[in-house]
Amino acid sequence: MTVTIKTPEEIEKMRVAGRLAAEVLEMIEPHVRAGVTTEELNRLCHDYIVDVQQAVPAPLNYHGFPKSICTSINHVVCHGIPNDKPLKDGDILNIDITVIKDGYFGDTSKMFLIGNAPEWAQRLCQITQECLYKGISLVRPGAHLGDIGEIIQKHAESNGYSVVREYCGHGIGNVFHEEPQVLHYGRAGTGLELKAGMTFTIEPMINQGRHETRLLGDGWTAITKDRKLSAQYEHTLLVTENGCEILTLRNDDTIARCLP
């Protein structure tokens, strides 16, 4: 496993790309409502990234992916393709944004509750965000990737949920997906030891029912096998000398309340 340690110059570019990705999620928030299509959300994000940020939407044409963002609704786990079907009251939606700026990537996602989402859907989203925050709280030099996986798995399962196995976080820099793979389950003290200058995503996918997923015929859309709800939150992180920096932090993030 070859994991790149970013230089100060690369880190500064990662900060810019991460900030831009976060700003796209902030921009799109008021547009996410019942009746809007995910195709329209895709268009708004695409135009903002290209015209306002002067950046590149990384998913577009990535291994043939046809859109500029991923939109995963209800039982879609990840990589949902925007389409012309309107969002409905009670839906939950993950929007996954990756921006390329000056050759470096920023990758982030969050859940949106459409109208009057039921309490059990709200709770799934809340616990999933807590899983992300708990994983982030352990990122520091000397920690291991297994520490992150274990705390996420324990929090999800103690609340009656399951952790998706087939998809995981990843290293990121001037490549969209690089080493290491960041699993959201595991055992503390195992796996890669973290070092300052590493950059990677944590992006737990937490299911209301069983953890198994199924890939649809489009080759991208992953759904829960039992068709129960799934939620995901994602941040891009930099390991610093004494902890970590969230490169995709948004104004609505509440992580400060969740850290030790």
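**Reading the model**

Author: Start with charge. The protein has 25 positive and 34 negative charges, and their mean positions are 5 Å apart. Lys and Arg count as positive and Asp and Glu as negative, while His and the chain ends are not counted. Each charge is placed at NZ of Lys, CZ of Arg, CG of Asp or CD of Glu.

Reader: What kind of model is this, and how are residues numbered?

Author: It is a predicted model, in which local features need pLDDT of at least 70 and side-chain atom pairs count only at pLDDT 80 or more, whereas totals for chains, interfaces and linings use all residues. Residues are numbered from 1 along each chain as its sequence is written, and side-chain values use heavy atoms, with hydrogens and water left out.

Reader: How many helices and strands does the protein have?

Author: Helices (H or I, at least four residues) and strands (E, at least two) are DSSP runs, numbered from the N terminus. Here there are 4 helices and 15 strands. The radius of gyration, taken over C-alpha atoms, is compared with a globule rule of 2.2 Å times the number of residues to the power 0.38. The protein has a value of 17 Å, close to the 18 Å that the rule gives for 260 residues, so it is as compact as a globular protein of that length. Its C-alpha trace spans about 45 × 45 × 35 Å along the principal axes.

Reader: What share of the residues is buried?

Author: Buried means under 20% relative accessible area, exposed over 50%, and partly exposed in between (1.4 Å probe, protein chains only). Of the 260 residues, 55% count as buried. Contact means heavy atoms within 4.5 Å. Among contacts between residues at least 6 apart in sequence, 71% join residues at least 24 apart.

Reader: How do I read a sheet?

Author: Strands of a sheet pair through backbone hydrogen bonds, either parallel or antiparallel. Two strands pair if DSSP finds at least two bridges between them. Strand β10 (residues 205-207) is joined to β13 by 3 bridges.

Reader: Which residue of β13 is the bridge partner of N207?

Author: The partner is S230. N207 lies in strand β10 and is buried, with a relative accessible area of 0%. Setting aside neighbours within four places in sequence, the contacts of N207 include V77, L124, Y161 and S230. By contrast, consider N207 and L238: they are 31 residues apart in sequence, and their C-alpha atoms are 27 Å apart in space.

Reader: What joins β7 to β8?

Author: A hairpin does, through 6 residues. Strand β7 (residues 169-171) and strand β8 (residues 178-182) run antiparallel, with 3 bridges between them. Within this pair, G171 stands opposite E178.

Reader: What should I look for in the backbone angles?

Author: Most residues other than glycine have a negative phi, and most peptide bonds are trans. In strand β8, which holds P180, a cis peptide bond joins E179 and P180, with omega about 5°. H63 is not a glycine, yet its phi is positive, about 50°. H79, also a residue other than glycine, has a positive phi near 65°.

Reader: Where are H63 and H79 in the chain?

Author: H63 is in the loop between β1 (56-57) and β2 (70-73), and is exposed, with a relative accessible area of 66%. H79 is in the loop between β3 (76-78) and β4 (92-101), and is partly exposed at 27%.

Reader: Where does G243 lie?

Author: G243 lies in the loop between β14 (235-239) and β15 (244-246), and counts as buried at 10% relative accessibility. Leaving aside neighbours within four places in sequence, G243 is in contact with V139, R140, P141 and L238. The C-alpha atoms of G243 and K85 are separated by 42 Å, with the two residues 158 apart along the chain.
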